[in-house]
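Good morning, everyone. Please have a look at the structure on the screen while I talk through a few places in it.

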Amino acid sequence: MTQTLPFTERTIDPDKLMSFVFRAVDEVGATLNTALVVMGDKLGYYTAMADGTPVTPGELAAQTGTSEHYAREWLNNQAAGGYVEYDAEARRYTLPAEHAVALADPTSPAYLAGFFQLALGTVHDSDDIFQAARDGDGLGWHEHHTDVHHGCERFFRTMYNGHLLTEWIPALEGVTAKLEAGAKVADVGCGHGASTILLAKAFPNSTFVGSDYHAASIDIARERARAAGVDDRVTFEVAPATAFSGSGYDLIAMFDCLHDMGDPVGAARHVRNAIAADGTWMVVEPMAGDRVEDNLNTVGRAYYGFSTLLCTPASLSQDVGLALGTQAGPAKIRDVSTAAGFTAFRTAANTPFNNVFEVRP
């Protein structure tokens with residue numbers, strides 16, 4: 001059986017149509033699950049279930065000080081989505097060990113709770129993005145829901161904890177030795193300072209300057225540096241990427257932020273002026289290929305979503321508004337560095353979520 005749409009002569013395959021309808025229903029369930037994962041994170045449901053002990057809704061509610069009505073519906077949703085397992089005979093729910101690693105262990109490189117928080121905060125501001133798309137305007141990072149700021153740091157911090165010291169820094173020519181001896185380092189677009197503090201703890205002979213235009217993030221970074229006991233060698237400042245202070249830096253790092261900048265070429269030129277003659281600019285960007293077809297995959301889909309709702313609007317809200325996009329790819333990042341006067345560019349490392357570029361004067 002076939003039918004035609006009234007406004008075209010295109011033939012409809014009913015099986016393909018229903019396949020898409022059920023996929024769409026699954027997508028709506030996944031959209032709602034983003035909020036429910038954040039709910040489980042913020043209410044402590046995953047933490048309470050992390051040891052693998054099967055629980056009833058009443059037990060989970062009692063352990064977390066929440067309503068049994070909400071705990072019951074939440075558990076059933078999580079069971080339907082395969083996030084927890086349900087024993088119909090015992091009427092108990094269990095969080096598998098592998099899922100606990102991803103949802104309840106902040107020290108794990110597979111920890112994803114922050115990723116969901118970032119996504120939820122991003123869609124929270126969707127009405128503003130829709131209007132900006134109509135008007136050709138942007139929406140600044142500072143204008144987003146705080147779940148964006150905290151979720152971003154929680155998600156990318158897991159990458160830095162898992163890869164920065166063991167893979168990314170060692171992949172840069174001569175940088176480890178400089179840091180061990182005592183280097184001058186700038187972390188541009190540092191946000192809450194997770195990457196800055198991690199480096200400062202690992203390399204006590206070096207000094208670090210973290211900068212970000214978002215004053216609220218810098219306040220948090222300063223507090224965390226004091227708590228980590230590294231504020232004797234770490235300074236944080238409120239400054240845009242085109243005007244951070246200092247010069248003669250042995251290492252300048254940008255973690256997952258160059259594509260967000262309105263004027264990435266201007267920022268790169270400032271890096272070129274501030275870096276030592278034998279210094280290294282480390283640019284960590286989201287995993288992407290140079291062609292659209294390279295990025296039509298699971299990670300690319302998520303990153304294109306963030307690009308539409310978060311990163312591109314952030315760039316468009318600033319001067320120049322180049323809007324590289326989250327999936328800029330190595331060639332565009334190379335073009336930015338070349339335009340700024342750098343002569344050496346290579347991919348030093350990568351993960352499923354990040355490319356790490358080494359740029360030299």
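A disulfide, as the word is used here, is a pair of cysteine sulfur atoms within 2.5 Å. How many disulfides does the structure hold? In this model, which is a predicted one, the number is zero. Take Cys190, where the nearest cysteine sulfur belongs to Cys257 and lies 9.0 Å away; because a disulfide needs the two sulfur atoms within 2.5 Å, Cys190 is in no disulfide.

Let me turn to a threonine. Thr351 sits in the loop that runs between strand S10, residues 344–350, and strand S11, residues 354–360. Thr351 has a relative accessibility of 6% and therefore counts as buried. If we leave aside residues up to four places away in sequence, Thr351 touches His163, Trp168 and Met287.

Finally, please look at the surface. Phe22 has its place in helix H1, which covers residues 14–42. Exposed means over 50% relative accessible area, so Phe22, at 58%, counts as exposed. Together with Leu17, Met18, Val21 and Val25, Phe22 forms a nonpolar patch on the surface, and these residues have about 460 Å² of accessible area together.

Methods. Residues numbered from 1 in each chain as written. Predicted model: local features only at pLDDT ≥ 70, side-chain atom pairs only at ≥ 80, totals over all residues. Heavy atoms only, no water. Patch = residues over 30% accessible without salt bridge, like charges linked within 9 Å, V, L, I, M, F, W, Y side chains within 5 Å. Areas by Shrake-Rupley, 256 points an atom, 1.4 Å probe, with all protein chains shown as cover. Salt bridge = Lys/Arg side-chain N within 4 Å of Asp/Glu carboxyl O. Helix = DSSP H or I, 4+ residues; strand = E, 2+ residues; numbered from the N terminus. Buried < 20%, exposed > 50% of the residue type's maximum accessible area, 1.4 Å probe, protein only. Contact = heavy atoms within 4.5 Å.
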